[in-house]
Amino acid sequence: PVTPGQPVVAYSGDDARFEYIYKFVSAAAYDPATADGSLLDEGTLYVARFHDDGTGEWIALAFGENGLTAENGFTSQADVLVNTRLAADFVGATKMDRPEWGAVDPNTGAVYFTLTNNTRRTAEQVDAANPRAGTQFGHIIRWTEAGDDPAATGFDWDIFVLAGDREDS
């Protein structure tokens, strides 16, 4: 939910195997009297890195930051955005199991994201945020932003639902 005086935050997923969860934070604050679509013209796109200890960070996909430079093959912010998957690879974001759909609980601010399946994940590629190899059932990951601030760059996460037969590892 948007809050007057705060930036607009939007989450998205790249619904493909081994792709990413993103967050956009607008540069300008929301003002219900003047807000229109231009509010989404400027801001920062972030990609998620889920740590095995249940914490995570949002890494800015911004030209000149986090190694996204000409020396590393990115020539401008437009280049970073056109090649978002490559930029996310470069900064070491967590490769997820088809992040498809997300929702924010309007009462608690917790974010839920479905990871629909990844039958191509091997046992060697399993991590805490993607806990099963060859899963065809998927799971739901949940996180809360640091300080309950949707624009924060840190978060705490857990597996909310592990889908499929509970006997599956």
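Strands are DSSP runs of at least two residues, numbered from the N terminus. The model described here is predicted.

The protein contains two helices and ten strands. Along the sequence these elements follow the order β-β-β-β-β-α-α-β-β-β-β-β. The radius of gyration is 17 Å, close to the 15 Å given by the globule rule for 169 residues, so the protein is as compact as a globular protein of that length. Along the principal axes, the C-alpha atoms fill a box of roughly 55 × 45 × 25 Å. Of the 169 residues, 37% are buried. Among contacts between residues at least 6 apart in sequence, 51% join residues at least 24 apart. The accessible surface comes to about 8,900 Å². Carbon and sulfur atoms account for 50% of that surface.

Ala29 belongs to strand 3, which covers residues 21–29. Leaving aside residues up to four places away in sequence, Ala29 touches Gly5, Gln6, Pro7 and Leu39. Gly64 lies 35 residues from Ala29 along the chain, and the C-alpha atoms of the two are separated by 24 Å.

Charged side chains were examined next. The protein has 11 positive and 27 negative side chains. The centres of the two sets lie 9 Å apart. Eight salt bridges are found in the whole structure.

One of these joins Arg85 and Glu19, at 3.5 Å from N to O. Arg85 lies in helix 2 (residues 84–91) and Glu19 in strand 2 (residues 17–19), so the pair ties together parts 66 residues apart in sequence. Arg85 is partly exposed, at 39% relative accessibility. Glu19 is buried, at 12%. Both residues also belong to a salt-bridge network with Asp14.

A salt bridge also forms between Glu145 and Lys23, with an N to O distance of 3.3 Å. Glu145 is in strand 9 (residues 139–145) and Lys23 in strand 3, so this pair links parts of the chain 122 residues apart. Glu145 and Lys23 are both buried.

Asp97 and Arg121 meet in a further salt bridge, at 2.6 Å from N to O. Asp97 is in strand 6 (residues 96–97), and Arg121 is in the loop between strand 8 (111–115) and strand 9; the pair therefore ties together parts 24 residues apart in sequence. Asp97 is buried, with a relative accessibility of 1%. Arg121 is buried too, with a relative accessible area of 4%.

Conventions. Residues are numbered from 1 along each chain as its sequence is written. This is a predicted model: local features need pLDDT of at least 70, side-chain atom pairs count only at pLDDT 80 or more; totals for chains, interfaces and linings use all residues. Side-chain values use heavy atoms; hydrogens and water are left out. Helices (H or I, at least four residues) and strands (E, at least two) are DSSP runs, numbered from the N terminus. Contact means heavy atoms within 4.5 Å. The radius of gyration is taken over C-alpha atoms; the globule rule is 2.2 Å times the number of residues to the power 0.38. Buried means under 20% relative accessible area, exposed over 50%, partly exposed in between (1.4 Å probe, protein chains only). Accessible areas come from the Shrake-Rupley method with a 1.4 Å probe; for residues, only the protein chains shown count as cover. Lys and Arg count as positive and Asp and Glu as negative; His and the chain ends are not counted. The place of a charge is taken as NZ of Lys, CZ of Arg, CG of Asp or CD of Glu. A salt bridge is a side-chain nitrogen of Lys or Arg within 4 Å of a carboxyl oxygen of Asp or Glu.
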